[in-house]
Amino acid sequence: MLRRLSLVLGLCVLAGCSTGSSRKYVVFFTHGSAALDETAQTIVSHAAATALAKGRANVIVEGYAAAHGDLSADELLAMDRARIVADQLARDGVAPSAIRQAPRAPSNENVSVAARRVEIEIVAQ
């Protein structure tokens with residue numbers, strides 16, 4: 001468990017290290033879940049702090065889910081994940097009008113942990 005948490009944290013740090021006018025954070029979920037665990041909440045809070053520090057930044061929240069048979073249920077899961085993250089960003093102080101949710105269509109190309117994520121991109125205006 002600790003090894004997996006270290007891997008997830010490492011991936012999140014790498015995702016947050018982009019250069020330029022945008023910055024990405026990645027939040028991972030457990031299989032079939034849209035609940036934020038403690039690690040995910042910390043990542044969302046860091047993303048919110050970055051957005052607030054940039055002033056008038058746009059925040060794009062993209063939810064993902066793997067295709068497991070019922071595509072409408074998988075699409076709803078991706079939407080729920082994006083909504084949960086967007087709601088937490090708003091609770092952390094990001095203006096809801098600055099947040100755009102973009103759930104991605106389920107894909108059976110990648111059923112690994114990468115399909116159980118939400119990407120938060122902060123774009124400076």
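Two strands count as paired if DSSP finds at least two bridges between them. Helices (H or I, at least four residues) and strands (E, at least two) are DSSP runs, numbered from the N terminus. Keep those in mind, and let's start with the sheet.

A word on the source. This is a predicted model, with residues numbered from 1 along each chain as its sequence is written. Local features need pLDDT of at least 70, side-chain atom pairs count only at pLDDT 80 or more, totals for chains, interfaces and linings use all residues, and side-chain values use heavy atoms, with hydrogens and water left out.

Now the sheet. It is open, has four strands, and runs in the order β1-β4-β2-β3. The pairing is mixed. Which strands stand at the edges? They are β1 and β3, the latter at 99-101. Each has a single partner strand, so one side of each is left without a neighbour in the sheet. On average, neighbouring strands are turned by 20 degrees against each other, direction ignored. For such angles, axes are lines fitted to C-alpha atoms, for helices over the stretch in contact; angles run from 0 to 180 degrees between N-to-C directions.

Let's look at β2, residues 57-63. How many bridges join β2 to β4? Seven, and the two strands run antiparallel. One example: Glu62 has Glu119 as its bridge partner in β4. On to β3. Here three bridges make the link to β2, and these strands run parallel. Val59 is partnered with Ile99 of β3. Ile60 is partnered with Arg100 of β3.

Is β2 enclosed or open? Six of its seven residues are buried, so β2 is largely enclosed by the rest of the structure. Buried means under 20% relative accessible area, exposed means over 50%, and partly exposed is in between (1.4 Å probe, protein chains only).

A helix joins the picture. Helix α2, residues 38-53, packs on the sheet and touches β1, β2 and β4. Contact here means heavy atoms within 4.5 Å. The direction of α2 makes about 165 degrees with that of β1.

Next, charges. A salt bridge is a side-chain nitrogen of Lys or Arg within 4 Å of a carboxyl oxygen of Asp or Glu. The whole structure holds four of them. Take Glu119 and Lys24, which meet at 3.3 Å, N to O. Why does this pair tie together parts that are 95 residues apart in sequence? Because Glu119 lies in strand β4 (residues 117-124) and Lys24 in strand β1 (residues 22-28). Glu119 is buried, at 13% relative accessibility. Lys24 is partly exposed, at 31%.

Last stop, helix α3, residues 71-91. Asp80 and Arg83 form a salt bridge there, with the closest N and O atoms 3.6 Å apart. They are three residues apart, about one turn of the helix. Arg83 also meets Asp87, again at 3.6 Å, N to O. That pair is four residues apart, also about one turn. Asp80 is partly exposed at 30%, Arg83 at 37% and Asp87 at 32%.
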